[in-house]
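User: I have a chain open here and want to go through it. Can you take my questions as they come?
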Amino acid sequence: MSDDNWVGSWRPHKPRGPIAALYGSPGPKYTLPGSTGTLSHDPRKYKFPAYSFGIRHGALTKECSPGPGYLIPASITRMGKDGTPAYSVYGRPKDLNLFRTPGPGQYYPENAGRSIFSSAPSYSLSARSKGFQNEQTPGPAAYTLPPMLGPKVVTRTSAPFYSLSAKSTIGSFMEDLHKSPGPGTYKVTDPNSYKFKSPQYSMIGRNTMPGDSTQKPGPGAHFPETVICTKFKAPSFSFGIRHSEYMAHPIMDGK
């Protein structure tokens, strides 16, 4: 019999299929609709009106006058142009290329095989048309049902709702109709301003005498029982590290 201990018939092996514990997911919290904004809002919660700023109409920029800074050319008078001849410098025109008759080397009859002889049909694969993306029919998940809880149920009656508002300052017993200042509105005058000023004292920090503040070792900081350099000591041996089997032994000259 072998000297190895019996550990059972089970041995480590690879799983036959994927295990759910090996893969992590963010959970169901990402499938809930948000309660902020106007897009993809949760239909079960209230949604406040949202307004946006429009852009400036294009007609305002086309019907504006040039203003007083419009520059009128000096050659224009109330009767039209002053009639002074004006000359301009043009570039040299290019020479006209006459028609050149093609020679025998300009034709390639070997490339005209499909135009003259019959050939098998050839097909190519093109990209998907963009028109199919705009014609998608909404699925069952695109529709939402009205909520069955709360005061906005169409076919159910709901109990009355009450809310607590803040205390009103108009028409209550706390309303101050005269707007007169109270005793706490005035500040108390310091007696030192109109009487003899009392003595004032201040507290300063404690003064320490100059001296040596370094820490000195006490009797418990020394360990004379661990000193062995002044006594006889028996030889002590230690185990070395195991060398690798692939490490080459040093070759000494002359040995």
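User: In what order do the elements of the protein chain run from the N terminus on?
Analyst: The order is α-β-β-α. This is a predicted model.

User: How many helices and strands is that?
Analyst: The protein chain has two helices and two strands.

User: Other topic. What share of the residues in the protein chain is buried?
Analyst: Of the 255 residues, 2% are buried.

User: And the accessible surface, what does that come to?
Analyst: For the protein chain it is about 29400 Å². Carbon and sulfur atoms account for 60% of that area.

User: Now salt bridges. How many turn up in a search of the whole structure?
Analyst: The search gives two. One of them joins the side chains of Asp42 and Arg44, with an N to O distance of 3.1 Å.

User: Asp42 there, buried or exposed?
Analyst: Asp42 is buried, because its relative accessible area is 4% and the cut-off for buried is under 20%.

User: Which residue forms a salt bridge with Asp212?
Analyst: That is Lys216. The closest N and O atoms of Asp212 and Lys216 are 2.9 Å apart.

User: Are those two, Asp212 and Lys216, buried or exposed?
Analyst: Asp212 and Lys216 are both exposed.

User: Why would such side chains pair at all?
Analyst: Side chains of opposite charge can pair when their charged atoms come close.

Notes
Residues numbered from 1 in each chain as written. Predicted model: local features only at pLDDT ≥ 70, side-chain atom pairs only at ≥ 80, totals over all residues. Heavy atoms only, no water. Salt bridge = Lys/Arg side-chain N within 4 Å of Asp/Glu carboxyl O. Buried < 20%, exposed > 50% of the residue type's maximum accessible area, 1.4 Å probe, protein only. Helix = DSSP H or I, 4+ residues; strand = E, 2+ residues; numbered from the N terminus. Areas by Shrake-Rupley, 256 points an atom, 1.4 Å probe, with all protein chains shown as cover.
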